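Visitor: I'd like to learn how to read a protein model, one feature at a time. Could you walk me through this one?
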Amino acid sequence: MAAKAPGFSVGDHVVYPKHGVGRIVELQATEIAGAKLELYVLRFEKERMTLRVPMNKAEAVGMRKLSSQATLADAMTTLKGKPKVKRTMWSRRAQEYEAKINSGDLVSIAEVVRDLHRAEDQPEQSYSERQIYEAAIGRLARELAAMEGVDEAAAQTKIEEVLMKKLASAKAQQDAVAA
């Protein structure tokens, strides 16, 4: 068994940028090609995936602890903002959205959710827009759930409530201007 590494320990929730929130289930020492390696063993329940990350590479790949409350507050504020829809080709925007999701940055993920969220009275999303939106809101919800100790469904409901309140206040402002 490997010694406890600085920063992360067994049972901690961590964020691995390309996969989202996982839990450290084990610290493992192994030998590969004659080199001794100490590994974090991460479990991602949603994807039913186990990932082994060398301890000396954890920082380089962007593995981090859950976001701070201040970062969470920034992400929620971002959700309440006005969507920024660029007039570039969808393929380019999709690449940018994927990059933001895979960055692991909570505020960047919230930007994707904000920009791709559609109200009931807005045009339907394309299949690929929906896929990216679902990936972003799922990633955001999993980190929120881990931070607040609730299940993912409750966290996603909270995010959707923030988005719906934003839409309701925007509609109220439009109605006030029209009157």
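Guide: Happy to. Start with burial in helix α3, where L106, V107, S108, I109, A110, V112, V113, R114, D115 and L116 are buried. Buried means under 20% relative accessible area, exposed means over 50%, and partly exposed is in between, using a 1.4 Å probe and protein chains only. Helices (H or I, at least four residues) and strands (E, at least two) are DSSP runs, numbered from the N terminus.

Visitor: What should I know about the model and its numbering before going on?
Guide: It is a predicted model, so local features need pLDDT of at least 70 and side-chain atom pairs count only at pLDDT 80 or more, while totals for chains, interfaces and linings use all residues. Residues are numbered from 1 along each chain as its sequence is written, and side-chain values use heavy atoms, with hydrogens and water left out.

Visitor: Why is α3 described as largely enclosed by the rest of the structure?
Guide: Because 10 of the 11 residues of α3, which spans residues 106-116, are buried. Take V107, which sits in this helix and has a relative accessible area of 19%, so V107 counts as buried. V107 and T78 are 29 residues apart in sequence, but their C-alpha atoms are 6.8 Å apart in space.

Visitor: T78 belongs to which set of buried residues in α1?
Guide: The buried set in α1 is L72, A75, M76, T78 and L79. They cover an arc of only 155° around the axis, which puts them on the same side of α1; the arc is that of the directions from the helix axis to the C-beta atoms. On the other side of α1, T77 and K80 are exposed.

Visitor: How many residues does α1 have, and what is its reach?
Guide: The expected span of a helix is 1.5 Å times one less than its number of residues. Helix α1 (residues 69-80) has 12 residues and reaches 17 Å from first C-alpha to last, close to the 16 Å expected.

Visitor: And at what angle do helices α2 and α4 pack?
Guide: Axes are lines fitted to C-alpha atoms, for helices over the stretch in contact, and angles run from 0 to 180 degrees between N-to-C directions. Under 35 degrees counts as roughly parallel, over 145 as roughly antiparallel, 65 to 115 as roughly perpendicular and the rest as oblique. Here α2 (residues 90-103) and α4 (residues 127-148) pack at about 15°, with their axes 10 Å apart, and are therefore roughly parallel.

Visitor: How do I read an aromatic pair?
Guide: You describe it by the distance of the ring centres and the angle of the planes. Rings of Phe, Tyr and Trp (its six-membered ring) pair if their centres lie within 6.5 Å; planes under 30 degrees apart count as stacked, over 60 as edge-to-face and the rest as tilted. That rule gives 2 aromatic pairs here. For F8 and Y40, the centres are 5.4 Å apart and the planes at 90°, so this pair is edge-to-face. F8 lies in the segment before β1 (13-16) and Y40 in strand β3 (residues 35-44), so the pair ties together parts that are 32 residues apart in sequence.

Visitor: Are those two residues buried or exposed?
Guide: F8 is buried at 10% relative accessible area, and Y40 is buried at 2%. W90 and Y97 form a tilted pair, 6.1 Å centre to centre with 50° between the planes. There, W90 is partly exposed at 23%, whereas Y97 is buried at 6%.
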